[in-house]
Amino acid sequence: MSPIFSAAARWVFPGAQFARVTVVILAGLLTQPISLRAISNELGRPIVREFTPGKYRLPYWCPTGVQDAAGYVYVATGVYASVYDGSEMRIIALPTDSAGIRQFALGSDGRVYAAGPGVIGYFRGAGPTAEFVSLANLLPPEARNYDELQAAVAVGDAVYFSDEEKILVWRAGKFTAVPCPTPSRSRGARLHRIGDELYLTIPGQPLSRLREGRIEPVLDHAIFREQTVRLLERDATGAWVMLTAERGTFRAGPDGRVEPLAVEANRWLAGKVVNHALRLGDGSLVVRYAFRSGDGGARFDAAGRYLGPIDHSSGLYMKTLRGFFTDREGGLWIGAEAGLFRVEWPSAVTLFDGVNGLGSRGAAVCVRHGGALHVASDDGVYRLVASDETSGRAAYFERLLDARAYDMRSQADALVVAVEGALFASGANGTLVRVAELAPGRTRLLAVPGDPAAVWVSTSAGIYAVRRQTNGSWRDEGLLSAKQAAQLPQAQAEARLARWLLDTAGVRRAPSGKTDGALLPRLVTSVTGSPLSVFEEIASDGTEIVWVAGLKGLARVETARVFRKPTPFAVQLRATGANPGERLPRRHAAIEFSFEALRHQLENSVVYQTRLAGYESEWSEWSPVRKRGFAALPGGSYRFEVRARDADGNLAQPAVFALTVAEAWWRTGWAWAGYLVVSAAAVAGLVRFRTRALRLRAAQLEAVVAKRTLELAQRTEELALRNAELVRLNQLELDEKISARLAEEKARLEVLRYQLNPHFLFNTLASISAALPLDESPARTMVERLADFCRLTLHRADERDWTTLGEEIELLRAYLEIEESRWGDLLDVEITSDPALEHERLPHFLLLPLVENALKYGRATSPDRVGIKLATHRDTDGALVLEVANTGAWIEPAEEKTVSSLGIGLENLRERLGRHYPRSHWLDIAAADGWVKVTLRVKTPRLL
């Protein structure tokens, strides 16, 4: 792949012997200088989107199709019909005795009508909800035979159907039959809509018109009697123009003279049998050839000039075609013997890739040399051969050099190409000849100011100099020395102010006073892959041509036509479980909304945002998902809103679905009114009752106050004397006892915090465990672990304050297992205990507060997972060492509390240690390497 350079790049070559050489590359290096030599016959192939039978569940025969007003595409597929909703094809069943649809017609009422052997009717609904409705039961008795219907055309408010015997007119909900006998196996009259009238071409009869139920001759000529007319039109002068099946195009003037039309198309149609023709929106024409003419088809412009074939060279995987139809985006749909194609034609964008000669690795650099466009890529160097109007051959690329090309330029009347390890230049006969050996690796061609015969090649080893001699040969001047490089003028890569730029969004027109920096349509980058460079040309007629080179191919873009006004499109919204405007009961079924906004140019190119107003205030993220459901909505009024955006950022007309869910009876307006009345009455009664009770209570209190006042006066003197004595006694005892009492009360509170009523707790846990499933569910396991913890907490061997280290460790294991069940993988526990210390005596619940604090502060300060470590061992001086550690950071008690505390933490622990291990305990707290460790050393007191 050729290198991509930024707006300003500096090349610094290794080794002290080379001076630094600065390469100035102006903004827009990826846009080559404008050329005035763009050629009109360099069109690539149309961009094709394939609908293969396997991927889209299509039968192997697709003769025709149509797009309805909502954008859905209906396709005749064998003995079925299929509808495409922008993502998938859905099969629609037809009458069991039918032989499939031969033609669709879009009526003025918006319905899609269908005709075929055993098929006459329309599709009710749209897209995914469409179903075929047969009109056979409404046919008049004399026209009940509809086994050979071949055509259907909508004109004005009527739809016309034809077979070999009659024409059926459907208008205002009823049929009228017009006899129109034709020869056997002729497939009946051909129906042509010209303005608001229907014209008929009938084998062996003149050109006719159907008016008010009568067939009237219009123009009698052998061309109408002897030829099958595939396309009938009227030009600006009122003359008839018709395309016949076997003799090309004719014109019938107002004077009745019929003569071949003087267009190039007749030369290409000579000797061909045309089975189908369609005039496109820009006036161009496409035709389909019969099997005996080699299948395939051809494209002509509005003036009848040949534009190219419709076959494998156009990107189709097969050329046995069946029919054409168009969509509102300007795409041409082609039904084939096996599958369906959507061709971007007419289009401002055409493509060169592996189909028309370019290598599989796309294109990187484009240069026009000698009037021909040249492309460099990882596959080699290619030259574009323009289309041949004589033979009808389309434009294609031919390979000139099979080597990995990094850079290419047209200089000194030669094409110069830098490839892996060598430099090539074009010789006298146009072939590329090796002219210099280069260092391996990526290279870049540089222009030498004031010396057009010199070429510099920048490599990883330095700068190579190559010069073209006056006799046309090239001289390799080798690698420049550091001294030479320092004396040379500054090298400058050929560049200019870019009119086209590459960014992460694609290819953008450079903003200026007249342009807004618009992006090329996403269609371009979808077929080229990641764009690598842009080459701009101006044709002699002023048309701007942009060549976009990418990893998958090379696109030719006519900018004057590519920025067309986008075709409007709208979101189609429907729901299951509710109808628009419906009032649903409070307990309603689940509601599922389905929606799509149809764009057929690119696959899955539309994204959506949704919002259920009244339930949520924010729009969802943009997503290609086309469904959303709601299981149970509370009472209220709602609006489900959908908006869509295509690949080019164009917004669709949004869709809204309104519905209402009934409120519960206790939340209705009448219920709230009743609540208000009852509440007011209750408040009034309560106020009256409380007022009377307060008055009675006030009288009683006045009597009591008078009595108590006398008693208080008598006791005041007595209390004053006793108070002085109590103050003296209390002051003596306060300093000695208050600390011990407070410590004892705090310890008892801590113990009581872990105690529950055994019978109540065990009965509750047993009930919960019995109610849970018998399998090993997390809930059942947690209940059983909680029961174990309570058993260890409440059922002690004795009621003294002492236990053993083994029992304490077992208690902690039960507690931590419960925490592990709660936190899962977010909690790591490690317990290391010397079995020889299991019978060491400890006060009850000595370690549990430390473990609780480790869990609490570990969760508050650890970034993700919480680690807990518990270890015990005997020190060399005989002291018992207990360590509790947790991940996280230490929080000083003086700091602002960010973690809630029970108030009986380390202070309570120190009080208990002072009571049970007077002057024989040590408590240390340390934080390091993301861990906080509490170390407790105690010496067990001797038993008396």
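**Aromatic side chains and cysteines**

One aromatic cluster is formed by Phe 593, Phe 595, Tyr 608, Tyr 615, Phe 630, Phe 640 and Phe 657. The model is predicted, so local features need pLDDT of at least 70 and side-chain atom pairs count only at pLDDT 80 or more, while totals for chains, interfaces and linings use all residues. Residues are numbered from 1 along each chain as its sequence is written, and side-chain values use heavy atoms, with hydrogens and water left out.

The structure contains 27 aromatic pairs; rings of Phe, Tyr and Trp (its six-membered ring) pair if their centres lie within 6.5 Å, and planes under 30 degrees apart count as stacked, over 60 as edge-to-face and the rest as tilted. Phe 51 and Tyr 56 make a tilted pair, at 4.8 Å centre to centre with 50 degrees between the planes. Phe 51 is buried at a relative accessible area of 0%, and Tyr 56 is buried at 4%; buried means under 20% relative accessible area, exposed over 50% and partly exposed in between (1.4 Å probe, protein chains only).

Phe 593 and Phe 657 form an edge-to-face pair, because their ring centres are 5.4 Å apart and their planes lie at 75 degrees. Both Phe 593 and Phe 657 are buried.

Two charged residues lie over tryptophan rings: Lys 869 has its charged end 4.6 Å from the ring centre of Trp 931, and Arg 937 lies over the face of Trp 922 at 5.2 Å from the ring centre. Such a charge has NZ of Lys or CZ of Arg within 6 Å of the ring centre and within 35 degrees of the ring normal.

Zero disulfides (cysteine sulfur atoms within 2.5 Å) are found in the whole structure. Cys 62 counts as buried at 0% relative accessibility, as does Cys 180 at 3%.
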